[in-house]
Amino acid sequence: MSLDIVVCVKTNPDAQMIRIKNREPVLEAIPYKVGDLEKNALEAALQLRDAAGGGTIRALTVVEGDRKIRETIKEALAMGADEAVIVADPALAGADQAGIAAALAAAVAKIGACDVLLFGEGSTDNYSGQVGARVAELLGWPQIGYAKKLALAGGGIEAERSMDEMIETLAAPLPVAVTVVSEINEPRPISLMNILKAGKKPVTEWTLADLGLDAVGAQKRIVSNLAEEQDRKHVLFAGAVDEQVDAFVNALVKEGVVGR
Amino acid sequence: MADILVYSEKADAALELVAKGREWAAELGLGLSAACLGAGAAEAASALAAHGADRIFVSDAAFDGLPADTVAAALAAAAAEAGATVVLIASTRRGKELGGRVAQKLGAGCVSDVNALTLEHGELVADRYAYGGATVAREVITTAVKVFAVMPKTFAVGDPVAGAGAVVPLPAPAASAVRVVGRRAKEGEAVDLTAAPRIVGVGRGFAARDDLRLGTELADALHAELACTKSLADFEWLPESRILGLSGAKTKPDLYLAVGVSGQIQHTVGVSSARLIAAVNTDKEAPIFALADYGIVGDLYAVVPALVAKLQSL
């Protein structure tokens with residue numbers, strides 16, 4: 001069978017590189033990259049397509065401006081996606097989850113060929129976990145969240161998913177929207193050869209107008225976004241190991257957190 | 001009359017939201033509704049009624065596996081019936097996926113993983129971690145209907161109140177295309193890190209799985225619970241239930257002792273509210289020391305046995 005898959009890819013500021021200055025996150029000069037969970041979703045797409053024996057994998061991303069998106073999305077193409085679709089529109093600047101979901105759902109509808117729509121369970125920067133569910137609702141598709149194992153079965157998909165209290169196995173017909181957790185797989189490394197090939201793969205760009213959408217305003221107002229204040233003592237004990245350990249344990253005893 | 005509508009598949013979490021919802025309903029001049037769906041809905045409804053819900057929407061139709069599309073449809077129907085302007089859901093995994101779907105149905109903004117929700121000048125302000133835990137975003141939803149998915153245990157369960165809420169039957173929504181074909185227990189022992197007064201956290205400073213016995217001995221000597229960073233669980237050295245941080249437990253112990261833990265924000269967000277943080281790490285530049293009250297820069301393989309001996313001598 002042939003299985004067409006769309007993987008929704010968010011490009012995020014590299015969380016490891018965000019520094020805090022005066023409680024404010026410093027985002028200037030932080031490179032954007034394909035999120036780790038989106039790489040899990042891409043790997044899942046590649047494995048499902050192999051299992052099906054054919055089909056096209058498209059990486060779909062939505063972005064408010066240029067933000068070197070053509071470079072960043074190459075990561076998805078180098079991993080093995082066949083094509084990329086970029087929805088880029090300055091009017092997306094103020095959009096939150098509902099606006100992004102509207103653009104993604106309209107793009108999936110315009111792409112047409114989609115049996116399985118894959119997402120990471122959340123984005124590495126904001127982790128709201130809403131977008132997959134919102135897109136599934138807009139398309140009127142069933143959804144399976146938190147998949148840790150995916151297989152084709154009975155003309156549909158079977159997923160093992162990791163819930164708070166149990167592991168659940170669900171079956172759904174196609175088309176279906178699925179979000180994946182990091183346990184699902186180890187994303188394949190990207191070879192230099194594939195990076196070179198990625199430059200030749202087709203990339204389609206649409207604006208909101210191409211999708212018949214107007215700008216979608218934000219549904220939320222950010223009151224503040226600051227690092228938590230931490231008031232810590234920062235005492236480091238010097239000396240030989242025994243001296244360090246004595247002073248350390250004495251400090252914990254004095255604080256009343258160990259001993260009787 | 002407009003209402004606050006509460007739903008969770010977890011009975012305790014629903015009671016927590018009802019307790020807080022009742023307080024806000026009184027302050028804002030709203031009613032308080034709740035929804036109970038699936039098997040056991042009737043019993044759950046009477047508990048919520050006893051805790052102050054004015055109206056409880058009940059459907060014991062087949063919600064096998066509580067599929068997000070069907071639950072969202074039922075909850076949206078309850079919200080419409082109640083004229084709900086605020087929907088409070090517990091931010092469990094089920095609750096999070098439900099939140100997005102029901103918010104989309106209601107044309108509502110939604111904030112998930114809320115770890116504090118406060119009424120300020122008549123507005124609900126939701127706190128949640130952003131940028132992988134580096135910051136706390138404080139957000140206000142501006143749509144007419146607002147959906148908040150709130151972390152369990154954010155609020156306390158209240159006392160029962162006098163008066164009984166009315167049970168309102170909900171029509172069964174269309175069945176989901178998603179079917180449950182199996183269920184099994186999670187592997188690894190159940191552990192509640194949020195209940196531990198002391199926690200020893202282990203990270204990639206441990207070179208081999210067998211070496212974790214040092215961490216276990218230290219935890220025993222401190223009468224502490226053993227926890228880990230996500231990487232150790234990814235190596236399958238310790239079960240997922242012992243992860244601290246963004247993808248695991250968020251705790252407030254009296255003491256957090258980090259051993260061989262570098263202190264990436266995705267981990268420390270799970271302990272940043274500890275009363276006291278202590279750390280042992282070879283690298284004096286490790287971010288964990290920026291967060292520590294007390295620290296030893298040194299090799300854990302030398303320090304931990306000495307710590308265990310010292311603690312046992314107390």
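This is a predicted model: local features need pLDDT of at least 70, side-chain atom pairs count only at pLDDT 80 or more; totals for chains, interfaces and linings use all residues.
Close-up 1. Strand β15 (residues 235-237) of chain A and strand β16 (residues 294-297) of chain B run parallel and are joined by three bridges. Within this pairing, L236(A) has G295(B) in β16(B) as its bridge partner.

**Close-up 2. The contact between chain B and chain A.** Chain B contributes 82 residues to the contact and chain A contributes 84 residues, and between them the two chains bury about 7100 Å², of which 51% is on carbon and sulfur atoms. On the side of chain B, the residues that lose the most area to chain A are R93(B), Y131(B) and Y294(B), which together account for 12% of what that side buries. Polar contacts between the two chains, counted where both residues have pLDDT 80 or more, amount to 49 residue pairs. The largest share of the side of chain B that touches chain A comes from α4(B), with nine residues, and by class this side has 41 nonpolar, 17 polar and 24 charged residues.

**Close-up 3. Salt bridges across the interface of chain B and chain A.** Across this interface there are 13 salt bridges, and one of the pairs linking the chains is formed by R161(A) and E97(B), whose closest N and O atoms are 2.9 Å apart. Because R161(A) lies in strand β10 (residues 156-162) of chain A and E97(B) in helix α4 (residues 93-106) of chain B, this pair joins two chains. Both partners count as buried, R161(A) with a relative accessible area of 2% and E97(B) at 6% relative accessibility. A salt bridge also forms between E165(A) and K10(B), with the closest N and O atoms 3.9 Å apart.

**Close-up 4. A salt bridge within chain A.** Over all chains the count comes to 36 salt bridges, and in one of them R188(A) pairs with E43(A), the closest N and O atoms being 2.8 Å apart. R188(A) lies in the loop between β12 (176-180) and α6 (192-198) of chain A, whereas E43(A) lies in helix α1 (residues 36-52) of chain A, so the pair ties together parts that are 145 residues apart in sequence. R188(A) is partly exposed, with a relative accessible area of 33%, while E43(A) is buried, with a relative accessible area of 3%.

**Close-up 5. A salt bridge within a helix of chain B.** K230(B) and D234(B) form a salt bridge in which the closest N and O atoms are 3.1 Å apart. Both residues lie in helix α6 (residues 230-234) of chain B, four residues apart, which is about one turn of the helix. K230(B) counts as partly exposed at 29% relative accessibility, and D234(B) likewise counts as partly exposed, at 46%.

Technical notes
Residues are numbered from 1 along each chain as its sequence is written. Chains are lettered from A and ligands numbered from 1 in the order in which they are written. Side-chain values use heavy atoms; hydrogens and water are left out. A salt bridge is a side-chain nitrogen of Lys or Arg within 4 Å of a carboxyl oxygen of Asp or Glu. Buried means under 20% relative accessible area, exposed over 50%, partly exposed in between (1.4 Å probe, protein chains only). Contact means heavy atoms within 4.5 Å. Buried area is the accessible area (1.4 Å probe) that two parts lose on being put together, summed over both. A polar contact is a pair of N or O atoms within 3.5 Å; within protein, one must be able to donate a hydrogen and the other to accept it, and residues adjacent in sequence count only if both atoms are side-chain atoms. Ala, Val, Leu, Ile, Met, Phe, Trp, Tyr, Cys and Pro count as nonpolar, Asp, Glu, Lys and Arg as charged, and the others, Gly among them, as polar. Two strands pair if DSSP finds at least two bridges between them.
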